[in-house]
Amino acid sequence: MEKARDLAHIIGDSIVGNVTLYIAPHGRNQKKISETCRKGFQCVLCKMLMLRVAKGLCGLVDADAIATGESLGQVASQTLCNIRVEQHGLDFHVLRPLIGLDKLEIEAIAKEIGTYDISIRTAAPCHFVPSKPVTMARISKIAEECARIDVEEMINHALENKREIPLS
């Protein structure tokens with residue numbers, strides 16, 4: 001939470017206008033995925049749900065898009081196949097300004113804008129990352145996994161329990 005707040009401060013200081021930080025709970029959803037779905041699909045389902053929660057939040061605050069820090073191929077959820085599956089049916093703009101940059105290029109930008117030292121701080125690891133995450137998910141397989149869980153209920157729960165975090 002502290003890292004997110006500190007990063008939001010820096011981003012807010014660098015753009016025109018106010019920045020509001022919202023936190024939506026995701027641990028409950030992660031647990032449900034872990035208990036119900038095939039382990040290898042955890043990261044893809046996690047990212048898919050996060051994008052849908054972000055879309056819902058944007059609807060509540062009248063935003064037109066979200067921006068992510070994805071870089072193609074850096075982690076399992078960021079392979080070309082998985083990005084396609086995660087956003088399938090989203091019908092919403094996801095901006096990915098770093099998508100074609102490599103790790104060194106992204107680190108250079110982070111150092112230039114003052115986010116690098118914050119982003120490398122130690123944080124609790126995700127306890128749900130599978131030992132062998134799927135890197136080439138298919139829409140049909142994700143549909144099978146989604147049939148095991150109540151995706152809409154999970155999205156609604158996250159949105160109903162979102163919090164606005166003061167940046168002052």
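Colleague: At 12% relative accessibility, does Ser77 count as buried or exposed?

Modeller: The scale is relative accessible area, found with a 1.4 Å probe and protein chains only: buried is under 20%, exposed is over 50%, and partly exposed is in between. At 12% relative accessibility, Ser77 therefore counts as buried.

Colleague: What pLDDT do local features need in this model?

Modeller: Residues are numbered from 1 along each chain as its sequence is written, and side-chain values use heavy atoms, with hydrogens and water left out. The model is predicted, so totals for chains, interfaces and linings use all residues, side-chain atom pairs count only at pLDDT 80 or more, and local features need pLDDT of at least 70.

Colleague: Which residues does Ser77 touch, not counting those up to four places away in sequence?

Modeller: Ser77 is placed in the loop between β2 and α4; helices (H or I, at least four residues) and strands (E, at least two) are DSSP runs, numbered from the N terminus. Contact here means heavy atoms within 4.5 Å. Beyond those up to four places away in sequence, the residues that Ser77 touches are Cys43, Lys47, Asn82, Ile83 and Glu86.

Colleague: What is the phi of Asp62, which is not a glycine?

Modeller: Asp62 sits in the loop between α3 (42-61) and β2. At 69% relative accessibility, Asp62 counts as exposed. Although Asp62 is not a glycine, its phi is positive, at about 60°.

Colleague: Asp91 is also a residue other than glycine; what is its phi?

Modeller: Asp91 is found in the loop between α4 and β3 (93-95). With a relative accessible area of 72%, Asp91 is exposed. Its phi is positive, near 50°.

Colleague: What arc do the buried residues of α8 cover around the axis?

Modeller: In α8, Val151, Met154, Ile155, Ala158 and Leu159 are buried. The arc, that of the directions from the helix axis to the C-beta atoms, puts them on the same side of α8 because it is only 130°.

Colleague: Which elements are included in what covers the buried residues of α8?

Modeller: On the other side of α8, Glu152 and Glu160 are exposed. The cover over the buried residues of α8 includes α2 (27-36), α3 and α7.

Colleague: What is the separation of the C-alpha atoms of Met136 and His26?

Modeller: Met136 is placed in the loop between α6 (116-119) and α7, and at 53% relative accessibility Met136 counts as exposed. Residues up to four places away in sequence not counted, Met136 touches Cys81 and Asn82. Met136 and His26 are 110 residues apart along the chain, and their C-alpha atoms are separated by 24 Å.

Colleague: What is the radius of gyration of the protein?

Modeller: The protein has eight helices and four strands. For 168 residues the globule rule gives 15 Å, and the protein is as compact as a globular protein of that length because its radius of gyration is close to this, at 16 Å. The radius is taken over C-alpha atoms, and the rule is 2.2 Å times the number of residues to the power 0.38. The radius of gyration is thus 16 Å.

Colleague: What share of the residues of the protein count as buried?

Modeller: The C-alpha atoms fill a box of roughly 45 × 35 × 30 Å, taken along the principal axes. Of the 168 residues of the protein, the share that count as buried is 36%.
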